[in-house]
Amino acid sequence: MLSYDIVIVGGGPAGLAAAVAAREAGTESILILERDHELGGILNQCIHNGFGLHTFKEELTGPEYAYRFMKQVYDMKIEYKLNTMVMDISADRVVTTMNKTDGMNQIKAGAVVLAMGCRERPRGALNIPGYRPAGIFSAGTAQRLVNMEGYMPGREVVILGSGDIGLIMARRMTLEGAKVKVVAELMPYSGGLKRNIVQCLDDFGIPLKLSHTVVDIEGKERVSAVTIAEVGPDMKPIPGTEERYTCDTLLLSCGLIPENELSKSAGVELSPVTSGPVVNESLETSIPGVFACGNVLHVHDLVDFVSEEAKRAGENASKYVKEGSKKSGREPIKFVATEGARYTVPSTLDVDRMDDLLTVRFRVGAVYQDSYVSVYFDNERIMHNKKRIMAPGEMEQVILQKKKLAEYPDLKTITIKIEKD
Amino acid sequence: MTYDCIIIGAGVSGSATARELSKYDLNVCVLEKGEDVCSGTSKANSAIVHAGFDAAEGSLMAKLNVEGNQMMDELCADLEIPFKRNGSLVVCIHEEEKGGLKELYDRGIANGVKDLKLLDKEELHKMEPNLADEACAALYAPTGGIICPFMLNIAMAENAADNGVDFFFNTEAETLKRDDDGIWHIRTNNGEYKTKYVINAAGVYSDKFHNMVADKKIHITPRRGDYCLLDKEMGGFVSKTIFPQPTKLGKGVLVSPTIHGNLIVGPTAIDIEDKEATATTAAGINDLIAKAGMHVNNLPVGRKVITSFAGLRAHEDNHEFVIGEVKEAPGFIDCAGIESPGLTSSPAIGKMVAGIVCDLAKPSKKANWNGKRKGILNPSEMTIEERNELIKKNPAYGQIICRCESISEGEILDAIHRTLGARSLDGVKRRTRAGMGRCQAGFCSPRVMEIINRELGIPMEKITKSGGKSVIAPERSKAGKGDE
């Protein structure tokens with residue numbers, strides 16, 4: 001059986017950054033497995049700019065951002081396989097792959113980094129009634145068709161959901177000469193970044209209708225009209241508020257789902273909130289030696305944070321290969337996300353294994369203005385940071401210091417919550 | 001040319017009939033208004049092989065149901081399509097309605113259903129742990145099964161075509177009349193077709209053709225059924241097909257594993273006028289979810305639904321299959337009112353209808369008829385060694401195109417290039433399952449389009465979801481135009 005110290009499942013931004021970091025940390029034997037015909041993942045179809053402000057202090061397009069990491073992978077001669085599907089990952093880290101040239105292959109991995117990314121929520125999961133004609137696309141599929149294949153999915157567009165890809169595609173379709181008639185969002189707030197609402201909708205005069213959903217799709221063969229309606233606090237459409245838009249295309253941008261089918265079959269414990277693996281401070285899952293990073297772990301707002309997280313996963317995988325699991329034997333500290341904070345990554349913390357600083361990321365469940373992110377060590381509030389605005393579309397973070405934690409040797413839980421004052 | 005026999009409709013009844021007729025020295029063709037077989041009622045149903053205890057004793061429906069059920073093992077083996085007798089349970093949730101189960105049991109026995117058994121509460125919950133606590137008794141029919149309706153329909157049609165039956169797609173029969181020589185002239189959007197015998201297997205439109213030629217009119221109501229299909233994660237939620245006790249409107253909302261490992265919930269039963277109205281409605285889906293939840297505990301509808309759809313049953317007013325030659329229209333043979341258990345009955349329907357034609361035409365049997373069909377390979381059922389052997393021979397089997405269902409390029413190429421091959425995304429989907437998984441073709445549709453484009457030479461801008469005007473990406477983007 002082939003064996004590698006680290007096998008990285010996915011050659012998108014997370015997998016690339018993890019590979020580079022693992023090599024820099026001294027691991028030679030690394031293999032990246034990518035199912036598509038090139039490295040770079042979803043960034044290849046994100047031809048707009050705005051990537052890399054944090055990482056490179058400049059605005060790059062998606063392919064440019066991906067290439068920065070791809071170049072490092074090439075320069076470091078890190079091995080990768082394209083057009084290669086991972087069919088299975090076992091609990092003892094045997095990775096089964098398939099491609100045209102090698103057929104089915106089993107690879108023994110010293111450590112595995114899960115970096116499979118996410119998929120878009122399809123129409124079925126949204127229970128939108130109506131016909132099932134051509135012309136209904138998830139926003140990412142439309143993005144691929146337009147930006148990579150060079151085809152237009154349609155001319156008159158309604159978008160359901162205000163996730164970032166939907167917002168970006170509203171602008172993209174407009175620039176391609178299509179008429180985007182409306183963006184409807186079920187929630188009373190947008191699921192995307194503020195800057196995307198301004199740059200992709202407001203600048204083009206595209207209306208965003210919050211608390212609205214699609215209640216009917218017409219067209220037997222191709223979409224001919226879509227009806228949206230306002231929803232009440234119970235999320236149910238309010239009769240009498242229906243508005244019908246003639247259109248030939250409906251794009252859906254209603255949430256991303258981490259793709260954890262492989263993780264599940266390996267036996268990795270998943271969080272019901274993020275749908276991603278439950279990880280500790282080292283981004284290690286419930287299976288020792290299996291790490292996770294990027295959108296397979298939790299859906300990110302900015303790729304810069306993916307790269308940063310993946311770097312840690314790569315470094316920790318490298319450390320695991322060299323040193324094995326060095327547990328302190330102490331019960332790990334548990335993170336509790338409550339009162340506005342929906343989850344945290346990581347979920348647990350072993351202070352002995354953390355770096356000097358630990359970034360804990362989370363998302364809020366509603367829009368909060370002039371509120372505080374509070375961190376409690378057991379019952380003691382040790383952080384109370386005022387934020388002018390927090391929204392579900394944007395990730396939040398707190399940074400914990402090892403030296404501060406050292407002052408609390410018996411700490412059991414760290415609670416993160418949002419407080420009005 | 002004058003055909004010996006023309007079948008209107010390439011649904012499951014028409015295709016079963018075509019296969020049966022292909023055993024004889026007859027010139028047979030099938031006219032289908034859709035771009036593929038299995039485009040109407042046959043494509044959207046519960047995918048159940050019913051045991052046969054529902055239909056009224058002595059009815060044609062009961063007879064053909066039980067016969068069709070019994071034919072299914074051999075037929076599916078010959079056609080290399082999956083079929084499983086997972087067993088059906090009719091579950092009673094009200095003590096006072098237990099008597100209904102005994103009635104069903106007696107009717108089943110009278111209909112010739114084998115191995116029926118009445119279960120008490122304890123046996124029942126042992127068999128199916130996720131049943132609602134209220135479930136107090138059940139009728140168990142081990143002969144009930146699950147099947148892929150697309151594959152059954154497609155495989156019968158393919159086999160018929162391989163044995164010489166012509167299929168004409170995008171060809172809609174409009175009117176028909178019999179000339180003085182007894183030849184039927186069928187006018188279609190693609191010209192006129194002539195035949196000695198015509199079989200009306202037009203699904204929800206079968207009343208239209210019947211009423212053109214018959215004195216005694218029939219009336220078909222499109223009875224809509226909404227369904228939800230759940231993620232494979234939920235495929236093991238129940239192992240048997242769970243039915244409520246039947247009502248006037250039918251067998252009620254079932255919860256069942258599918259042959260491919262999903263969970264299906266449905267159908268509703270909503271009588272409508274429009275024979276094309278396959279749109280689901282919020283009311284329908286809500287009703288469905290409420291009813292499905294009555295017989296099982298904590299059904300995870302909502303987040304686990306991957307798609308919902310609606311089908312139209314061809315409900316004839318007397319709730320009976322209408323099969324036979326119309327006396328005043330010699331050579332016109334009805335195969336009408338085929339609603340549930342139509343899928344189950346289809347092999348028997350095909351045999352019966354072909355029998356009627358043979359009684360009239362007295363054809364001789366073909367010497368070289370081959371009832372076996374090579375199925376599309378299912379590499380996921382192979383060992384690693386077998387799969388490697390396959391990939392070595394044909395590397396396309398090593399390239400996964402549909403991630404969710406693990407469908408390779410090899411399977412898609414087979415689906416495109418075989419007899420009556422796929423020409424659209426839905427055609428590929430129904431033959432291979434590419435695009436039928438949890439992402440619902442989000443990832444694979446551009447790739448499948450590229451394969452269709454490359455293999456069939458259909459321009460990308462002309463590739464459809466399911467024929468007609470269902471074009472996926474009607475024009476080039478600005479950058480795409482620059483490529484040209």
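**View 1. Confidence in the predicted complex.** The predictor assigns the complex an ipTM of 0.94 and a pTM of 0.95. Chain B has a mean pLDDT of 96. In chain B, 100% of residues reach 70 or more.

**View 2. The side of chain B that touches chain A.** Here 48 residues of chain B are in contact with 39 residues of chain A. Six elements of chain B each give two or more residues to this side: helix H7 (282-292), strand E18 (305-316), helix H9 (384-393), helix H12 (445-456), strand E23 (475-476) and helix H13 (478-483). By class, this side of chain B has 19 nonpolar, 17 polar and 12 charged residues.

**View 3. Strand pairing between the chains.** Strand E11 (residues 151-152) of chain A runs antiparallel to E23(B). Two bridges join these strands. A:Tyr151 has B:Arg476 as its bridge partner in E23(B).

**View 4. The open sheet of chain A.** Five strands lie in the order E10-E18-E12-E13-E14 (chain A), with parallel pairing. Strand E10 (136-138) and strand E14 (208-210) of chain A stand at the edges. Each has a single partner strand, so one side of each is left without a neighbour in the sheet. On average, neighbouring strands of this sheet are turned by 20° against each other, direction ignored.

**View 5. Strands E12 and E18 of chain A, with helix H4.** Strand E12 (residues 156-160) and strand E18 (residues 249-252) of chain A pair in the parallel sense over four bridges. A:Leu160 has A:Leu252 as its bridge partner in E18(A). Helix H4 (residues 164-175) of chain A packs on the sheet. Helix H4 of chain A touches E12, strand E13 (179-185) and E18 of chain A. The direction of H4 makes about 170° with that of E13(A).

Conventions. Residues are numbered from 1 along each chain as its sequence is written. Chains are lettered from A and ligands numbered from 1 in the order in which they are written. This is a predicted model: local features need pLDDT of at least 70, side-chain atom pairs count only at pLDDT 80 or more; totals for chains, interfaces and linings use all residues. Two residues are in contact if their C-beta atoms, placed from the backbone, lie within 7 Å. Ala, Val, Leu, Ile, Met, Phe, Trp, Tyr, Cys and Pro count as nonpolar, Asp, Glu, Lys and Arg as charged, and the others, Gly among them, as polar. Two strands pair if DSSP finds at least two bridges between them. pLDDT is the predictor's confidence in each residue, from 0 to 100. Axes are lines fitted to C-alpha atoms, for helices over the stretch in contact, and angles run from 0 to 180 degrees between N-to-C directions.
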